[in-house]
Amino acid sequence: MTILNEGAGTPVSIEDVLKQREVTHGDFPTKATTIQILKNIMRDTEKWKDLSFAQQESLDMIMTKIGRILHGNPNEPDHWLDIIGYTKLISDDIEEQSKRN
């Protein structure tokens, strides 16, 4: 299967993309196990149901990024920047809600 390379418009195979992602993101089944364990730990906490859907999703995505860090390339800046981005989205949302109240 061939897809277009992001930004370059050149054809690249999905197999090549998956090989590249394995280097930066880690082995998918192994990483998925770690991520699901982390997410289950969060969901089993007393306050999980008190979080907004946005807060829950942000934490889910952060766990995905942590899984990528632990199983892929820990020096991939995008992993760390994405975590910052998800926390910023929630911080901004909380700040906006406090202004409304």
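Contact here means heavy atoms within 4.5 Å. By that criterion, and leaving aside neighbours within four places in sequence, Asp 60 is in contact with Lys 39, Met 42, Arg 43 and Trp 48. The model is predicted, so local features need pLDDT of at least 70, side-chain atom pairs count only at pLDDT 80 or more, and totals for chains, interfaces and linings use all residues. Residues are numbered from 1 along each chain as its sequence is written, and side-chain values use heavy atoms, with hydrogens and water left out.

Asp 60 is found in helix α3. Helices (H or I, at least four residues) are DSSP runs, numbered from the N terminus. Asp 60 counts as buried because its relative accessible area is 9%; buried means under 20%, exposed over 50%, and partly exposed in between, with a 1.4 Å probe and protein chains only. The C-alpha atoms of Asp 60 and Gln 36 are separated by 9.2 Å. These two residues are 24 residues apart along the chain.

Helix α3 has 19 residues, which should span 27 Å at 1.5 Å a residue. Its end C-alpha atoms are 27 Å apart, in agreement with that value. The expected span is 1.5 Å times one less than the number of residues in the helix. Buried residues of α3 include Gln 55, Ser 58, Ile 62, Met 63 and Ile 69. The buried residues of α3 pack against α1, α2 and α4. Met 63 is in contact with Ile 35, Leu 38, Lys 39 and Met 42, again leaving aside neighbours within four places in sequence.

Helix α4 covers residues 77–100, 24 residues in all. From its first C-alpha to its last it reaches 35 Å, close to the 34 Å expected. The buried residues of α4 are His 79, Ile 83 and Ile 90. They pack against α1 (14–25) and α3 (53–71).

In soluble globular proteins, nonpolar side chains tend to be buried together. A nonpolar core is a set of buried Ala, Val, Leu, Ile, Met, Phe, Trp, Tyr and Cys residues joined through side-chain atoms within 4.5 Å. The largest such core has 6 residues: Met 42, Trp 48, Ile 62, Met 63, Ile 69 and Ile 83. Helix α3 gives the most to this core, with 3 residues.

The largest pocket has a volume of about 150 Å³. A pocket is an open set of points on a 1 Å grid over the protein atoms alone, where a 1.4 Å probe fits, with protein on both sides within 12 Å along at least five of seven lines; lining residues have an atom within 4 Å of a point. The volume is the space filled by probe spheres set on the points. Helices α1, α3 and α4 each supply at least two lining residues. Helix α1 gives the most, with 4. Among the lining residues are Gln 20, Arg 21, Lys 65, Arg 68, His 79 and Asp 82. The lining divides into no nonpolar, 4 polar and 6 charged residues. Asp, Glu, Lys and Arg count as charged.

Phe 28 is in helix α2 (residues 28–43). Phe 28 is classed as exposed because its relative accessible area is 59%. Its C-alpha atom is separated by 26 Å from that of Gly 9, 19 residues apart along the chain. Asp 50 is found in the loop between α2 and α3. With a relative accessible area of 55%, Asp 50 is also exposed. Asp 50 and Ile 66 are 23 Å apart, C-alpha to C-alpha, and 16 residues apart in sequence.
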